[in-house]
Amino acid sequence: MSKVYLILQDNDVSRFIVEAVEDDNPEITVIYQPAMIRMEAEGQMVVNRETVEEKLGRDWDVQELHLNLVSLGGNVDEDDDKLELSWAV
Amino acid sequence: MPVQAITPEYTGDIKDKVENFHGNQVVYVGWDQHLMFPAAFAWPVPPQMSFGDFRDQVMDSGFSSHPEWKQINWDKTIWMLDGEAFEPDESQSLESLGIGHKSLLRFRTPGLNGFKGMGV
Amino acid sequence: MAAKKLNLKDKYKLLTRDLDWEFSYEDRKEAFPYEEFEGIKITDWSKWEDPFRLTMDAYWKYQAEKEKKLYAIFDAFQQNNGHLNVSDPRYVNAVKLFLTGVSPLEYQAYQGFAHVGRQFGGVGARVACQMQSIDELRHVQTQVHAMSPYNKFFDGFHDWTHMHDRVWYLSVPKSFFDDARTGGPFEFLVAISFSFEYVLTNLLFVPFMSGAAHNGDLNTVTFGFSAQSDEARHMTLGLEVIKFLLEQHEDNVPIVQKWIDKWFWRGCRLLSLVGMMMDYMLPNKVMSWKEAWEVYFEEAGGALFKDLARYGIRMPKYADVVEKEKEHVSHQAWWTFYAYGHAAGFHTWIPTDKELDWLSEKYPETFDKYYRPRWELAKKLEAEGKRFYSQALPQLCTTCQVPMMFTDMENPGELSYRSTEYKGEKYHFCSDGCCDIFKDEPEKYVQSWLPVHQIFQGNCGGPDVPDILKDFYHFNLGADNLDMKGSPDEERWKQWKSA
């Protein structure tokens, strides 16, 4: 299975998003590079609104992800509750 | 395959036809195994210029910064013109030797294989 | 009672799809005259999907927030003399190349998307292109603002739009976009949204920008990541565009494959510049060009093409050649700029011994064998007081317009020469990839505005090179060009640091 990835700016909001993604996707690898955080996973990765809200301690709209996003790879499916990245093969 | 265009039978102007070079033609020259020169050179020259003048004046102006240039034995140099083996004659003009507009001339200098023999 | 909040899917439907109208008295074909000539068949525009379901209201809201964050940083950079915090004054030359070579492409992308957004019959595509067009305009504006503080302190930043249209090496990026914009609307989307955004811009905007951060350039990394957050949306859209075209009609598959092949190759040639920026112009290293290529093309692009195999799409043609070239192109490009450093609008230099060792370590198969000897020769000549500047103009590839500096991957010690004849004229290319592109549409590429030939034709002033550089390119000779060593940039830096 190919790897999906999500790269965020290394800042104080992303820190909590990364924690949330780590909780919901125990298999991910997190790589820290200058100014950015790269998360990779085989086949699939999900960012759940609820988990991020819990970590941040406030409401969080999935579309807010764009404020801290750098790049991503995989087929995207986004709705009110999650952003999901996946490859079928 | 022809281009798919909005206009039927579309074709652009040929930007680099020889008529646009004011009596000159473009000749490219590359010295194999001497990658100090990152690419072959391009020169606009009159087709009537003799090969000897082309080599000793025009080519010299580009290649002489290489430490091996002065050591070249022209009798032992191997030439290629547009992908074919080629024997130049110093007294003949470029035109009569078949060196045309946008011809590519490559030469190789056996024994002189670049700085420290490394192809540079 | 509070109004019920719409969910994302319903909002997208109302604010995008429902904006369309029926053509009751105008001919639809006349309204969208460029939709068919490329041979692409669309049977149902309603199948177009935006996976982010972004609507205009949310777009403005989040883009405004991005801008506020970004401009706060630009202010901080300016107020705190950010230019003094870069790792090394050599680094700033990468920013000069970015401003003259890349930012104008953002403007071209803005114009291109505004144009094609008008040409599509589907409302989803039109709205997506409109947003992307505005994004691209934002990118050029933020980039100009981000880089303008450098213009106060360093040479070479003064006339970037003028230079983009004229300078020999900038014809490489310019002609890339000119080529895309003169294609039809669907080719433009495949070229830019897919090949350029999805397969290639990641390399410029992720590892290079991380490198900018690592070299203390707060402004550049911030505009880079801010732009890339839009690009992530563009990339996703690019992938959706491809899937949409492939699902609409089987006849689209070979056309799309041909465009993928062409634009992958054109993109790789353009990226030679980025390879050199990463390996040679970032004094503090994050990763080598080869490593970046492996992560962002081989791994990420490989996953993508594996996913597209179900539609009958294969890896781009010549991906195997590119896999070998990743060991070579950055070195060939920097050497070319070094050799033509008198004709460049930024400074060039011999890498330090430590940097040469880093290159040997990162490129164990190729650096010591092919490229270190070039630098040894350069050092020897410099020590003799004869800093090497190539004294004649280079042969250019007709398609990519890069000097023919690429070597043959079968024999990397020899230059790669390819040629063809068309209507009795000879044409030369750096590679099979560029030669194939020409042969497929010779009527288009006979018009290539090759800077070297234009100089010979007398269209760039002159006739002497210094006059062309000064009057036609607007270089400040002796300040913008030549080696970093002894440059006014270097002189000023020393003064600031000793103060």
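Good morning. I begin at C:Lys423, which is found in the loop between strand E3 (418-422) and strand E4 of chain C. Helices (H or I, at least four residues) and strands (E, at least two) are DSSP runs, numbered from the N terminus. Phi of C:Lys423 is near 50°, a positive value in a residue that is not glycine. C:Pro463 has its place in the loop between H20 and helix H21 (465-472) of chain C.

Some conventions must be stated. This is a predicted model, in which local features need pLDDT of at least 70 and side-chain atom pairs count only at pLDDT 80 or more, while totals for chains, interfaces and linings use all residues. Residues are numbered from 1 along each chain as its sequence is written, chains are lettered from A and ligands numbered from 1 in the order in which they are written, and side-chain values use heavy atoms, with hydrogens and water left out.

Let me turn to the chains and their contacts, where contact means heavy atoms within 4.5 Å. Which chains have the most contacts among the two pairs that touch? They are chains B and C. Chain A and chain B, by comparison, are joined by no contact, and their closest C-alpha atoms lie 32 Å apart.

I take chains B and C now. The contact involves 52 residues from chain C and 48 residues from chain B. The size of an interface is often given as the accessible area lost when the parts come together. Here, buried area is the accessible area (1.4 Å probe) that two parts lose on being put together, summed over both. Between chain C and chain B it is about 4,400 Å², and carbon and sulfur atoms give 60% of that.

Five salt bridges are counted between chain C and chain B; the term denotes a side-chain nitrogen of Lys or Arg within 4 Å of a carboxyl oxygen of Asp or Glu. B:Lys102 forms a salt bridge with C:Glu425, with the closest N and O atoms 3.7 Å apart. Across this interface of chain C and chain B there are also 18 residue pairs in polar contact, both residues at pLDDT 80 or more. A polar contact is a pair of N or O atoms within 3.5 Å; within protein, one must be able to donate a hydrogen and the other to accept it, and residues adjacent in sequence count only if both atoms are side-chain atoms.

Several elements of chain C give two or more residues to the side that touches chain B, including helix H15 (329-339), helix H17 (367-383) and strand E4 (425-429). The largest share of that side, nine residues, comes from H17(C). By class, the side of chain C that touches chain B has 26 nonpolar, 12 polar and 14 charged residues. In this scheme Ala, Val, Leu, Ile, Met, Phe, Trp, Tyr, Cys and Pro count as nonpolar, Asp, Glu, Lys and Arg as charged, and the others, Gly among them, as polar.

Now to the other interface. Here 40 residues of chain C are in contact with 35 residues of chain A. Chain C and chain A bury about 3,100 Å² between them, with 57% of it on carbon and sulfur atoms. In chain C, the residues that lose the most area to chain A are C:Phe52, C:Tyr62 and C:Phe225, together 19% of what that side buries. Three salt bridges are counted between chain C and chain A. In one salt bridge, the side chains of A:Arg38 and C:Glu299 meet at 4.0 Å, N to O. H11(C) supplies the largest share of the side of chain C that touches chain A, namely 12 residues.

Finally, the sheets. Two strands pair if DSSP finds at least two bridges between them. Chain A has an open sheet of four strands in the order E2-E3-E1-E5, with antiparallel pairing. Its edge strands, E2 (29-33) and E5 (69-73) of chain A, each pair on one side only. E2(A) and strand E3 (residues 36-42) of chain A pair in the antiparallel sense over five bridges, and the bridge partner of A:Gln33 in E3(A) is A:Met36.

Chain B has an open sheet of five strands in the order E2-E1-E5-E3-E4, with mixed pairing. Why is one side of strand E2 (41-45) and of strand E4 (84-86) of chain B left without a neighbour in the sheet? Both stand at the edges, each with a single partner strand, so one side of each has no neighbour there. Thank you.
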